[in-house]
Amino acid sequence: MTLTPPSPHQDDRLTAAPTGRAFPARAAGISLVAGVAFLLLLVLLHLIRPDVSTSWQTTSEYALGEFGWLMVVAFLLSAVGYGTLAIALLVRPQRLPTRIGAVILAVAAVGTVIGGVFVTDPIDTPQDQLSASGTLHGLGAGLALMFLPVAVLLITAGLTRDSAFSTVKRGLWWTAVLPPAALVMFMVAQTVLLGADGRFGPDVPIGWPERLLVLAYAAWQIIVARIVSRRTVRS
């Protein structure tokens, strides 16, 4: 019996699939690590910056004063998490809703970069006294704040139709509820707590609703990055 060695073209076919799956899996893995690192830095800032009130000041204010650079790094880590997850979703075959959602997630990543690079003003700064940096921070953070839930719902709608994610459909939808629900909770809290003058301050306890919003966004990104990484390798 004569054994015929595999042709170079056969070798290419054998290695193409694992290589094609490796890149999105690695991108999702980077997203997972970046998301966890973001949360760890945020916890650290809560411990080393007791001067920032968790009751009425937002997490963005950790960028002001001592160790402010750590909050800037945290913002950039969050942006890396969103961006690499978007890449992981775009480079593998996906349904149209997932691809559109991934593009919107990339826009949210850009907004997060802007929010990180441009440092906020103190939350009680009057609107007519905002600095250029504070204004750009608000625009970038607002972009990420509003676009991410849209991306979440579109990405989930697409992934749950993909056979590679058939066994985790319920978990994906439960996770997808977190960002929109947290955003609605935050906006309602802000509407209810703000006084007639529309000014933030110590008597407007918006700090915890904002922290829950940040946690919900990060939790979604970390969980989905882990799922995408594992399912991409297996598919």
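Author: The part to look at is a nonpolar patch on the surface, formed by Val 43, Leu 44, Leu 47, Ile 48, Phe 67, Trp 69 and Val 73, which together have about 650 Å² of accessible area. The model is a predicted one, in which local features need pLDDT of at least 70 and side-chain atom pairs count only at pLDDT 80 or more, while totals for chains, interfaces and linings use all residues. Residues are numbered from 1 along each chain as its sequence is written, and side-chain values use heavy atoms, with hydrogens and water left out. A patch here is made of residues with over 30% relative accessible area and no salt bridge, with nonpolar side chains (Val, Leu, Ile, Met, Phe, Trp, Tyr) joined within 5 Å and like charges within 9 Å; the areas come from the Shrake-Rupley method with a 1.4 Å probe, and for residues only the protein chains shown count as cover.

Helices H1 and H2 each supply at least two residues of this patch, and the largest share, 4 residues, comes from H1. Helices are DSSP runs of H or I with at least four residues, strands are runs of E with at least two, and the numbering starts at the N terminus. The protein has 6 helices and 0 strands. On the H2 side, Val 73 lies in that helix and is partly exposed, with a relative accessible area of 32%, where buried means under 20%, exposed over 50% and partly exposed in between, for a 1.4 Å probe and protein chains only. Leu 77 also lies in helix H2 and is partly exposed at 23%; its C-alpha atom is separated by 9.3 Å from that of Thr 112, which is 35 residues away along the chain. Across the 235 residues of the protein, 44% count as buried.

A pocket is an open set of points on a 1 Å grid over the protein atoms alone, with protein on both sides within 12 Å along at least five of seven lines, and lining residues have an atom within 4 Å of a point. The elements that give two or more residues to this lining are H1 and H6, and H6 gives the most, with 5 residues. By class the lining divides into 7 nonpolar, 2 polar and 1 charged, where Ala, Val, Leu, Ile, Met, Phe, Trp, Tyr, Cys and Pro count as nonpolar, Asp, Glu, Lys and Arg as charged, and the others, Gly among them, as polar. The second largest pocket holds about 180 Å³ of space, a volume being the space filled by probe spheres set on grid points joined across faces, edges and corners.

A search of the whole structure finds 1 of them, in which the side chains of Arg 49 and Asp 51 meet at 2.9 Å, N to O. Arg 49 counts as buried at 4% relative accessibility, whereas Asp 51 is exposed at 52%.

Conventions. On a 1 Å grid over the protein atoms alone, a cavity is a set of points where a 1.4 Å probe fits but cannot get out, and a pocket is an open set with protein on both sides within 12 Å along at least five of seven lines; lining residues have an atom within 4 Å of a point. A salt bridge is a side-chain nitrogen of Lys or Arg within 4 Å of a carboxyl oxygen of Asp or Glu.
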